[in-house]
Amino acid sequence: MKLIGIDGGGTKTAAVLFDEEGRVLARHTAGPCNPNVLGFDESIARVKDIVATLTQGETRSVAAIYIGTAGIFTKDDGPRFAAAVSRACGVERVKCENDVMNVVAAATDADRCVAGVSGTGMIVYAKEPDRVTRLDGWGYLLGLGGSGYDIGRDVIRAAVGESEGTSAATALTPLVERKAGLSLENLVLEVYRHDPAFVASFAPLAFEAEAAGDAIAKDILVANAQAFAKLLNRAAESYDCGDEVVVSGGIATNARFGELLAKELNEGLRLVVPSCPQV
């Protein structure tokens with residue numbers, strides 16, 4: 001019996017084909033399959049291509065598919081996405097949930113935990129024995145901060161602010177100009193022509209500048225760590241989800257961000273990073 005596991009983020013999708021003993025038969029990495037970024041139909045098409053690549057077109061050999069992906073918000077989103085994948089791939093058993101469930105499974109088998117993802121986007125869940133409750137994760141337009149998009153936006157904003165004289169000088173400005181290969185004015189135009197992952201791609205510059213002693217970059221990282229921690233703390237305070245805080249995503253697992261995040265967590269909470277790939 002062959003099975004497929006898929007972990008879809010805002011930047012990339014990782015997938016594995018494996019057997020019932022857990023032996024990995026094939027791996028594949030593709031672009032994001034977040035339906036809120038690509039659109040529903042294009043997301044389904046991407047998953048179909050991933051499945052076809054893993055199986056070399058022999059999808060009938062697949063007994064079941066599990067998909068954990070960003071962009072699954074309401075209780076109806078997962079079943080709707082799964083049904084569409086089932087039809088597209090010809091696989092009867094398909095389940096789809098938000099990718100935060102991949103985080104939980106990769107880090108702990110506990111009945112209770114707080115789980116958070118900070119990559120391109122950000123989301124937090126309170127996992128209790130009998131239910132899972134979501135906090136934030138409503139996308140880059142409505143998010144409360146703490147994501148790669150938020151950090152990247154703040155980085156670009158700081159550079160633009162310096163160039164027009166509305167904010168302090170920062171080492172971020174030459175880093176942004178070098179990465180973009182454009183004038184700041186033209187970069188702003190490009191921001192509106194691309195998806196959120198483009199803005200999030202500037203987030204690493206905050207870590208680079210902060211390591212060199214830039215105060216503006218440090219302020220950006222601290223503010224976003226505080227925003228992320230606020231939701232993690234709220235989950236722990238409001239729900240019966242224990243003292244483990246499981247985090248994942250390119251931002252959350254950055255060592256420096258982890259240091260800043262740990263300082264903002266309530267006393268007694270324990271930060272846990274998954275020890276194996278979420279997929």
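Tutor: Let us begin with a definition: a helix here is a DSSP run of H or I with at least four residues, numbered from the N terminus. Asn 102 has its place in such an element, helix α4. Please bear in mind throughout that this is a predicted model.

Student: Why is Asn 102 called buried?

Tutor: A residue counts as buried when its relative accessible area is under 20%. Asn 102 has a relative accessible area of 6%, and therefore it is buried. Apart from residues up to four places away in sequence, Asn 102 touches Ile 6, Asp 7, Tyr 66, Gly 68 and Gln 278.

Student: What makes α4 largely enclosed by the rest of the structure?

Tutor: The count of buried residues does: 6 of the 8 residues of α4 are buried, so the helix is largely enclosed. The buried ones are Val 100, Met 101, Asn 102, Val 103, Val 104 and Ala 106.

Student: To which sheet do strands β1, β4 and β5 belong?

Tutor: They are part of an open sheet of 5 strands, in the order β3-β2-β1-β4-β5, with mixed pairing.

Student: Why are β3 and β5 said to stand at the edges?

Tutor: β3 (24–30) and β5 (93–98) each have a single partner strand, so one side of each is left without a neighbour in the sheet. From one strand to the next, the twist averages 15 degrees.

Student: How do you know that β2 and β3 pair?

Tutor: Pairing requires that DSSP find at least two bridges between the strands. Strand β2 (residues 13–19) is joined to β3 by 6 bridges, therefore the two count as paired, and they run antiparallel. One of the bridges can be located by its residues: Ala 14 has Thr 29 of β3 as its partner.

Student: Why does Thr 120 count as buried, although it is found in a loop?

Tutor: The cut-off is under 20% relative accessible area. Thr 120 has 15% relative accessibility and therefore counts as buried. The loop in question lies between β6 (113–118) and β7 (122–128). With neighbours within four places in sequence left aside, the contacts of Thr 120 are Gly 10, Thr 11, Ser 147, Gly 148, Tyr 149, Pro 196, Ala 197 and Ala 200.

Student: Why is α2 called oblique to α3?

Tutor: Angles under 35 degrees count as roughly parallel, those over 145 as roughly antiparallel, 65 to 115 as roughly perpendicular, and the rest as oblique. Helix α2 (residues 40–55) and helix α3 (residues 77–89) pack at about 50 degrees, with their axes 10 Å apart. That angle makes α2 oblique to α3. Their contact includes Phe 40, Ile 44 and Val 47 of α2 and Phe 81, Ala 84 and Val 85 of α3. By class, the residues of this contact divide into 9 nonpolar, 1 polar and 2 charged.

Student: What makes α5 roughly antiparallel to α10?

Tutor: The cut-off for that term is over 145 degrees. The axes of helix α5 (residues 148–164) and helix α10 (residues 215–238) come within 10 Å and cross at roughly 150 degrees. The angle therefore makes α5 roughly antiparallel to α10. The contact is made by Asp 150, Ile 151, Asp 154, Val 155 and Ala 158 of α5 and Ile 216, Ile 220, Leu 221 and Asn 224 of α10. This contact has 6 nonpolar, 1 polar and 2 charged residues.

Key: Residues numbered from 1 in each chain as written. Predicted model: local features only at pLDDT ≥ 70, side-chain atom pairs only at ≥ 80, totals over all residues. Heavy atoms only, no water. Buried < 20%, exposed > 50% of the residue type's maximum accessible area, 1.4 Å probe, protein only. Contact = heavy atoms within 4.5 Å. Axes fitted to C-alpha atoms, helices over the stretch in contact; angles between N-to-C directions. Nonpolar A, V, L, I, M, F, W, Y, C, P; charged D, E, K, R; others polar.
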